[in-house]
Amino acid sequence: MRRYRTLLLALACTLPAACSYKPSFINEYKIDVQQGNVLTQDMVAQLKPGQTREQVRFILGSPLITDIFHQQRWDYVYRFREGSSGKVQSRRFSVFFDAGDRLERVSGDVEVATVAELTTPVERMRLVDLGTISPEAAAEDAPPPEEPGFFRRMIKKIGF
């Protein structure tokens, strides 16, 4: 009876340890974690000195950090952790307002656009030439027309 209890105690102690062991060939899936405000260069390029808080909020979205002690400053923080490698990328962008709640300056990791980038029109569409095909070549390469199916033939026989 004593052996039985000792064996049961040993089994109870090793069972939780066995569940925590993971062989090296088993890799669990870890997701990418994205937190904060995603700011693009196009969004930052739309900022101009003198804009109101509402205009800045419309362009950039709500700030992640609004500090009660620094009411004239909004902070947009972004953090991305890659699940497979564990690499962390972080960005910080701050917007400063003057006493009249107008945009005064910005600072952070995202670059402000130059005057040339703002005044140059951006072409969003482009034409891709796939080449020209002669009508004879198009007729040769075209697949043969499909024969109508059973129901289509029946409807045609009936006269609909």
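Author: This is a predicted model. Start with a salt bridge: the side chains of Asp101 and Arg53 meet at 3.1 Å, N to O. The two residues are 48 apart and link distant parts of the chain, with Asp101 in the loop between β4 and β5 and Arg53 in helix α3.

Reader: Is Arg53 buried or exposed?
Author: Arg53 counts as buried because its relative accessibility is 16%, under the 20% cut-off.

Reader: What else does Arg53 touch?
Author: Leaving aside neighbours within four places in sequence, Arg53 is in contact with Gln71, Gln72, Trp74, Phe97 and Asp101. A polar atom of the Arg53 side chain lies 2.8 Å from the backbone oxygen of Gln71.

Reader: Which other residues of α3 are buried?
Author: Helix α3 spans residues 53-60, and Val56, Ile59 and Leu60 are buried along with Arg53. Down the helix axis, the buried residues of α3 fall within an arc of 130°, so they line one face.

Reader: Why would residues spaced like that point the same way?
Author: An α-helix has 3.6 residues a turn, so residues three or four places apart point the same way.

Reader: What covers the buried residues of α3?
Author: The cover includes α2 (41-45), β3 (73-81), β4 (88-97) and β5 (103-108).

Reader: And what is on the face turned away?
Author: Exposed residues Glu54 and Phe58 sit there.

Reader: What follows α3?
Author: Gly61 does, and its phi is positive, near 95°.

Reader: Back to salt bridges. How many are there?
Author: The structure holds three. Arg73, Asp75 and Arg92 are linked in a network. Asp75 pairs with Arg73, with the closest N and O atoms 3.0 Å apart. Asp75 also forms a salt bridge with Arg92, at 3.4 Å.

Reader: Zoom out. How many helices and strands?
Author: Six helices and five strands. From the N terminus, the order is α-β-α-α-β-β-β-β-α-α-α.

Reader: How much of the protein is buried?
Author: Of its 160 residues, 18% count as buried. The accessible surface comes to about 14,100 Å², and 58% of that belongs to carbon and sulfur atoms.

Methods:
Residues numbered from 1 in each chain as written. Predicted model: local features only at pLDDT ≥ 70, side-chain atom pairs only at ≥ 80, totals over all residues. Heavy atoms only, no water. Buried < 20%, exposed > 50% of the residue type's maximum accessible area, 1.4 Å probe, protein only. Helix = DSSP H or I, 4+ residues; strand = E, 2+ residues; numbered from the N terminus. Arc of directions from axis to C-beta. Contact = heavy atoms within 4.5 Å. Areas by Shrake-Rupley, 256 points an atom, 1.4 Å probe, with all protein chains shown as cover. Polar contact = N/O pair within 3.5 Å; in protein donor to acceptor, adjacent residues only side chain to side chain. Salt bridge = Lys/Arg side-chain N within 4 Å of Asp/Glu carboxyl O.
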